[in-house]
Amino acid sequence: TKTMRLRRTKRILECVRSVYTSKIISSDKDLVALVFYGTEQSKNPRNSFKHVYVYHDLDSPGSQRVLDIDKLLGEKGAQFAEKTIGSGETSLGEALWCCSNLYSDIKLRLSHKRLMIFTCRDDPHGGDGAKDRQARTKAADLKETGVVIDLMHLTKPGGFDVSLFFCDIVSPPEDESELGLQIEPCRKLEDLQKRVRAKELKKRSQSRLTFSLGEGVNLAVGVYVLARTATKPSAVKLHRDTNEPVRTKTRYFHAHNGGILLPNDMKRAQVYGKKQIVMEKDEVDEIKKFDDPGLVLMGFKPMDRLKLHHHIRPALFIYPEEEQISGSSCVFTALLLKCSEKNVFALCRYIPRRNTPPRFVALVPQREELDQSQTQATPPGFNVIFLPFADDIRTLDAHVGPTASDEQVDKMKEIVHKLRFKYKSDSFENPVLQQHYRNLEALALNMLEPEPIEDLTMPKVQMMDARLGPLAQEFKDLVYPPDYNPEGKPAAKRKTAESGGGAAEKKPKAEISEEELKNHVANSTLGKLTVPVLKDACKQFGIRTTGTKKQELIDALTMQLSK
Amino acid sequence: MDVGFSMSNSEPGQEPPFEQAKKVIQKFVQRQVFAENKDEVGLVLFGTDGTKNRLAKDGQYENITVHRHLMMPDFELLEEIESELQPGGQQADWLDALVVCMDLLQQETMGKKFERLNIVLLTDLNVQTSADQLDVIINSLKKAGITLQFFLPFPLDGEDRADGGGDGPGPSAASARPGKGLSSQQTQGLEMVKNIMTSLEEEDGLEEVHTFRDALEKLSIFKRIDRRPMAWPCQLTIGSSLTIRIVGYKAVTEEKVKKSWTIVDAQSHQRDDVKRETVYCLNDDDETEVQKDDTIQGFRYGSDIVPFSKVDEDQMKYKSDGKCFSVLGFTKQELIRRHQFMGSQVVKVFAARDDEHAAVALSALIRALDSLKMAAIVRYAYDRRSNPQVGAAFPCIKEKYECLLYVQLPFMEDLRQFTFPMLENNKKFTPSESQLSAADALIDSMMLVEKDEDGESVDVFKVNHIPNPQFQRLFQCLHHRGVNPDDPLPPVEPWLKRALERPQAVSARCQAPLQDVKTKFPLKVVVKKKEQKTSADVFGSSADEPDAKRVKVDEEMEFNLAEIAAGNITSVGSVNPVRDFCALVRQKTVSFDQACQQLTHRIEQLLGNRSPEYYMKSIACIQAFRDQSVSSGNAELFNSYMQSLKRSVPDRNLQEFWDLLIQDALTLISKDEVDGSTISKQDANQFLAFEQKEEVQAAPVQEDTGDVDDLLDMM
């Protein structure tokens with residue numbers, strides 16, 4: 001029926017729209033085309049194919065494409081589609097041929113080619129053997145050139161029978177022997193409709209390094225980033241009038257004669273103990289060089305020597321690089337198995353690139369794990385955990401107070417028990433990023449307001465309260481005296497004490513006299529002044545400061561005033 | 001410091017105590033200068049020829065000189081010590097000197113706030129002292145809360161002196177004067193030192209008596225960067241009604257150098273002589289400059305750039321409602337993977353200070369979590385301006401205190417789900433039994449944890465006890481350059497090098513197992529197939545292979561000739577730079593140098609866009625540049641351009657582009673192609689190889705997720 005057809009079309013168009021909006025955010029360099037087949041009208045590069053309508057040419061998608069899809073949606077959209085595209089004879093073979101031309105017209109090297117067929121008809125040619133054959137041949141041609149063909153079919157009454165025709169068209173599931181991986185058999189249409197607003201990154205090693213076990217026993221490993229704080233994509237500067245992107249050029253010139261300064265005309269300096277110490281740029285780099293890049297094995301330690309709180313940076317991951325040093329994978333696997341069996345980690349010195357000082361890292365073995373659907377959940381390799389140096393650990397003055405009684409602890413255990421859940425690392429979206437992407441979408445697609453986000457970082461207070469019931473009050477009765485208010489701000493106490501001292505405490509933004517400053521310089525007591533006062537002082541004397549760190553301001557003033 | 005004449009006495013071949021003491025002082029001041037804390041230092045010399053101190057009167061307190069009053073140490077002091085500190089010809093009573101120091105401290109700390117007063121005495125005790133005032137001195141030291149440290153040329157303990165073995169590593173100070181006992185003054189002096197130190201600190205007091213040599217070893221490590229922990233008061237909440245007052249402190253974080261380098265003029269060394277200018281320009285042929293005020297900000301949305309001003313962005317962005325530490329739920333610790341810890345810090349969370357109710361409540365939570373092996377998942381926001389985090393709070397129970405350890409966990413967007421080929425059941429890589437046992441033996445021989453005599457296991461390589469070598473090296477070089485401005489930089493200090501190496505004992509132990517691994521596992525550096533193909537392609541070394549690229553360019557050139565006939569080309573334009581360039585070279589209307597210069601200008605412009613289409617165009621330009629250079633027999637321009645291009649790759653983030661060059665094997669022109677080239681064929685082959693640069697995070701500074709330290713700088 002017509003309504004059914006409309007509903008199906010809508011479903012598919014929504015899917016396409018969501019592919020577009022997801023692609024735009026996840027991988028905006030990908031090229032996407034949208035081709036309708038079985039149309040009445042024809043539109044393709046050389047107009048050599050009948051009933052094939054290239055709605056969007058193979059190109060990187062932008063907001064216009066999403067708006068184009070919107071034009072086809074709804075009652076009005078259906079009419080518009082009927083008028084411009086219409087429906088007619090179906091030949092999948094022609095459509096595939098047209099697609100193969102789209103691919104070959106691209107001058108760029110494509111790393112990956114994928115073709116998704118959206119349909120609800122399991123027998124598109126209605127038994128026309130010649131057309132079926134042509135489609136099979138064209139599909140085979142495409143697959144030959146490295147195109148992966150996926151079927152995104154809608155359910156239909158009586159079930160969609162893939163074996164009727166499409167089993168010969170789609171690419172077979174990836175060969176198990178080749179990668180040794182189990183790939184999910186078929187991606188669902190629903191998956192596509194899930195909007196994912198996250199930048200997708202290609203699997204690429206950050207670097208390839210030598211891992212030296214000592215005495216010239218070297219293997220090669222690739223270093224990968226499996227987790228890294230995702231940040232907002234950086235902004236582009238545009239010309240206000242034309243919205244044309246502008247570039248920045250930075251150059252250095254001499255303040256007095258205006259001549260352009262080349263790198264050789266400049267040196268680097270730091271001030272310590274009132275003295276300026278000058279070095280060449282090369283020397284500054286050389287200071288950071290200790291050894292060539294690589295991993296050097298120091299030895300092994302039991303896993304319990306890896307302290308939970310020794311954390312300074314997100315971890316990296318290493319995997320052997322057979323292409324650099326053959327045999328690497330075998331040693332690597334032997335170490336991986338043995339480390340994991342003996343429950344030890346390897347301690348290494350790590351220099352990621354040239355002129356970089358070393359860090360020590362713990363290589364923690366991680367064996368491969370598969371999930372229920374036989375997909376890899378954790379890859380085999382070593383996690384690289386960065387260890388802190390003495391400087392990175394701060395001396396704290398621990399707060400020592402009374403400890404809880406068993407009764408109090410038991411009550412808290414009940415609370416913990418009520419609020420337990422299964423933590424999964426990918427279950428929290430970053431609300432800051434999600435809001436940013438939605439704002440962009442709203443601006444690009446002329447929406448009245450951005451789609452609302454669900455902030456998963458907020459506690460579900462009502463639900464928690466309901467689960468706890470009277471437990472919270474019971475616990476409070478056990479640990480807090482009746483008149484105790486934990487929400488009372490401790491700062492209030494101090495405030496009253498200060499107010500006794502009079503309003504004079506609130507110092508007006510007094511400019512500091514040159515004489516006072518000189519005194520401070522002479523006695524080395526500039527450090528007692530606050531940053532705003534120091535900044536004002538710098539301005540007062542026309543001192544240009546690149547730094548905003550307190551010490552840098554102090555140095556600048558000291559240099560100026562002790563001249 | 002004692003500069004009396006006996007300090008200059010020494011056995012032949014031995015360093016006199018004076019020199020050793022001077023080094024100790026130098027190292028000490030160095031540390032102070034680079035640590036840049038606000039400690040003030042004075043220097044009193046005794047045994048000087050002259051006398052300069054407040055107490056000198058009627059022949060008392062003579063030959064004692066206050067060389068420097070109490071103030072922050074600086075390079076001037078270092079230079080003074082280096083050049084002005086000379087041995088004196090007199091002897092002075094070290095007890096008198098102590099009194100002068102006490103007086104100095106008392107006079108010059110008036111009106112100053114301080115935490116601690118300390119006097120360090122460096123002397124050989126080789127002078128007659130009058131002990132009658134000893135009790136008075138000890139009492140006033142106690143009253144003023146002044147602590148004492150002695151540095152002597154010999155150890156305190158006679159036995160240590162005799163057998164030459166202190167607890168310090170290597171030859172101890174005793175060997176400074178082998179075979180020579182102490183003078184009676186020294187013996188008497190030692191008794192007094194013991195007397196003073198035990199009266200002041202009881203038994204522990206003697207630990208503050210050091211030898212020069214030990215002190216030098218310890219002081220040669222620059223003070224570690226020490227920052228005052230900054231309290232972060234907040235409330236831990238569970239649901240809407242359960243609140244615990246807490247305070248967080250950053251406990252572990254990657255410490256950075258406090259200062260950055262400034263750029264100065266190479267001649268004048270003045271930073272005001274260097275002006276930095278950033279200009280904005282359009283992507284047109286003339287690179288038209290645009291005023292900064294005429295620019296707005298935009299973001300890429302697929303192929304579009306959506307204008308999105310700062311003001312709008314601020315208004316529409318996610319807003320958090322201030323600092324918080326709210327429990328979202330509790331989970332098993334084992335579900336939180338160590339390698340998924342994010343951020344750069346660990347925060348220790350205590351109950352609010354002096355709030356025993358909060359302490360009990362938090363203790364209940366910590367103990368409950370500990371016994372259930374669970375952790376709290378919390379939303380953490382440092383303050384209103386900072387982005388919220390999701391993190392885990394682990395229980396931590398120590399002998400002396402309890403706290404929660406907070407670590408940031410990843411967001412969905414932070415995770416990259418890469419899959420890797422399996423290793424274990426892959427026939428090609430499965431290690432044999434003998435290979436496995438070789439690996440097993442290697443691990444056993446290289447354990448860094450050893451059992452001591454009491455059966456306790458001891459970690460012999462504690463990374464968290466090693467000072468960051470970057471800072472040690474930086475300060476070493478800064479100090480060296482500060483004192484010797486014209487010298488080249490010194491080599492890395494041997495102790496630092498040693499600290500970064502595998503412990504000797506482990507190295508010795510693993511020799512045999514390592515040899516076994518070496519013989520059992522065949523490891524071979526792979527000669528890049530790709531590179532072999534490269535040389536064939538580019539240099540046409542194998543004659544039977546058709547040179548596809550050359551043919552293509554030649555066709556293009558013929559095509560160009562037709563173009564030239566049609567119109568005059570006078571410069572390399574941006575539309576078809578390759579055609580224009582080839583035309584210019586043929587026509588010879590401008591010099592080859594100029595044509596190349598115009599072409600490289602276009603290439604640079606194209607590369608400024610950093611997008612694939614422009615990359616392809618740039619590659620075509622480079623190909624043409626290379627071809628024309630080879631046919632004109634001029635390799636220098638091309639090679640020097642390519643070398644400078646390569647240098648700029650990391651800074652301009654052109655790695656992707658460079659990869660394309662590698663694919664096309666567009667490398668330097670070698671001797672084999674052009675006679676004048678200084679590049680060997682092998683160098684040319686290796687030229688394209690590049691170390692990949694770590695992805696740089698371009699996180700806007702003001703968006704930085706709250707750091708417990710941020711406020712420190714503003715205080």
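**Where chain A meets chain B**

A: Over all chains, a search of the whole structure, which is a predicted model, finds 34 aromatic pairs. In one of them the ring centres of A:Tyr224 and B:Phe420 lie 4.8 Å apart with their planes at 85°, so this pair is classed as edge-to-face. The pair crosses between chains, since A:Tyr224 belongs to strand E6 (residues 217-224) of chain A, while B:Phe420 sits in the loop of chain B between strand E17 (402-408) and helix H10 (433-445).

The contact in which that pair is found can also be described as a whole: chain B contributes 221 residues and chain A contributes 227 residues. Between them the two chains bury about 22,000 Å², with 60% of that area on carbon and sulfur atoms.

Turning to the charged pairs, the structure holds 51 salt bridges over all chains, and the count between chain B and chain A is 18. One salt bridge links B:Asp440 with A:Lys338 at 3.4 Å, N to O; B:Asp440 lies in helix H10 of chain B and A:Lys338 in helix H9 (residues 328-342) of chain A, so the pair joins two chains. Another is formed by A:Glu369 and B:Arg337, whose closest N and O atoms are 3.5 Å apart. Polar contacts between chain B and chain A, with both residues at pLDDT 80 or more, come to 82 residue pairs. On the side of chain B that touches chain A, the largest share, 14 residues, comes from helix H9 (residues 356-372) of chain B. That side of chain B divides into 112 nonpolar, 46 polar and 63 charged residues.

The two chains are also joined through their strands, for strand E8 (residues 246-254) of chain A runs antiparallel to strand E9 (residues 274-282) of chain B, with nine bridges joining them. Within this pairing, A:Arg251 stands opposite B:Glu277 in E9(B). The pairing is part of an open sheet of three strands, ordered E8(A)-E9(B)-E10(B) and antiparallel in its pairing. E8 of chain A and strand E10 (289-290) of chain B stand at the edges, each with a single partner strand, so one side of each is left without a neighbour in the sheet. Inside chain B, E9(B) and E10(B) pair in the antiparallel sense over two bridges, and here B:Cys281 is found opposite B:Glu289 in E10(B).

Technical notes:
Residues are numbered from 1 along each chain as its sequence is written. Chains are lettered from A and ligands numbered from 1 in the order in which they are written. This is a predicted model: local features need pLDDT of at least 70, side-chain atom pairs count only at pLDDT 80 or more; totals for chains, interfaces and linings use all residues. Side-chain values use heavy atoms; hydrogens and water are left out. Contact means heavy atoms within 4.5 Å. Buried area is the accessible area (1.4 Å probe) that two parts lose on being put together, summed over both. A salt bridge is a side-chain nitrogen of Lys or Arg within 4 Å of a carboxyl oxygen of Asp or Glu. A polar contact is a pair of N or O atoms within 3.5 Å; within protein, one must be able to donate a hydrogen and the other to accept it, and residues adjacent in sequence count only if both atoms are side-chain atoms. Helices (H or I, at least four residues) and strands (E, at least two) are DSSP runs, numbered from the N terminus. Ala, Val, Leu, Ile, Met, Phe, Trp, Tyr, Cys and Pro count as nonpolar, Asp, Glu, Lys and Arg as charged, and the others, Gly among them, as polar. Two strands pair if DSSP finds at least two bridges between them. Rings of Phe, Tyr and Trp (its six-membered ring) pair if their centres lie within 6.5 Å; planes under 30 degrees apart count as stacked, over 60 as edge-to-face and the rest as tilted.
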